[in-house]
Amino acid sequence: MNSIEVVVGRIGKPHGVRGEVTIDVRTDEPERRFAPGAVLRAVPPRGRRRS
């Protein structure tokens, strides 16, 4: 089985006491992409340095 990678969202900066983040959803099927059990991989943006 072949797998493909697609951009499904962008993680925003943490905020609040618990460090919650927002997700800028970039998919037309969020209920499928963010369903329980879905496997997502986070990749830092290119050209950005970690502080």
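The following exercises, each with a worked solution, concern a predicted model of a protein.

**Exercise 1. Architecture and overall form**

Determine which secondary-structure elements the protein contains, in what order they run, and how spread out the chain is.

Solution. 

Step 1. Begin with the inventory of elements: the protein has one helix and two strands.

Step 2. Read from the N terminus, the sequence of elements is β-β-α.

Step 3. Compare the radius of gyration with the globule rule. The protein has a radius of gyration of 13 Å, whereas the rule gives 10 Å for 51 residues; the value is well over that of the rule, so the protein is more spread out than a compact globule.

Step 4. The C-alpha atoms span about 40 × 25 × 20 Å along the principal axes.

**Exercise 2. Burial, surface and contacts**

State what share of the residues is buried, and describe the accessible surface and the contacts in the protein.

Solution. 

Step 1. Apply the burial criterion, under 20% relative accessible area. Of the 51 residues, 6% count as buried.

Step 2. Examine the separation in sequence of the contacting residues. Taking contacts between residues at least 6 apart in sequence, 16% join residues at least 24 apart.

**Exercise 3. A nonpolar surface patch**

Identify the residues that form a nonpolar patch on the surface, and locate L40 relative to helix 1.

Solution. 

Step 1. List the members. The patch is formed by I11, V21, I23, V25, F34 and L40.

Step 2. Give its extent: together these residues have about 500 Å² of accessible area.

Step 3. Locate L40. This residue lies in the segment after helix 1, the helix covering 30-33.

**Exercise 4. Salt bridges**

Solution. 

Step 1. Apply the cut-off, a nitrogen to oxygen distance within 4 Å.

Step 2. E20 is partly exposed at 40% relative accessible area, while R18 is exposed at 71%.

Step 3. Consider E29 and R32. R32 counts as exposed, with 53% relative accessibility, and E29 is partly exposed, with 28%.

Step 4. Through shared partners, salt bridges join E29, R32 and R33 into one network.

**Exercise 5. The surroundings of R33**

Describe where R33 lies, how exposed R33 is, and which residues R33 contacts beyond its sequence neighbours.

Solution. 

Step 1. Assign the element: R33 belongs to helix 1.

Step 2. Classify the exposure. With 26% relative accessibility, R33 counts as partly exposed.

Step 3. Set aside neighbours within four places in sequence. R33 is then in contact with V6, V8, T27, A38 and L40.

Step 4. Compare sequence and space for T22. R33 and T22 are 11 residues apart along the chain, and their C-alpha atoms are separated by 16 Å.

How values were computed: Residues numbered from 1 in each chain as written. Predicted model: local features only at pLDDT ≥ 70, side-chain atom pairs only at ≥ 80, totals over all residues. Heavy atoms only, no water. Patch = residues over 30% accessible without salt bridge, like charges linked within 9 Å, V, L, I, M, F, W, Y side chains within 5 Å. Areas by Shrake-Rupley, 256 points an atom, 1.4 Å probe, with all protein chains shown as cover. Salt bridge = Lys/Arg side-chain N within 4 Å of Asp/Glu carboxyl O. Helix = DSSP H or I, 4+ residues; strand = E, 2+ residues; numbered from the N terminus. Rg over C-alpha atoms; globule rule 2.2 N^0.38 Å. Buried < 20%, exposed > 50% of the residue type's maximum accessible area, 1.4 Å probe, protein only. Contact = heavy atoms within 4.5 Å.
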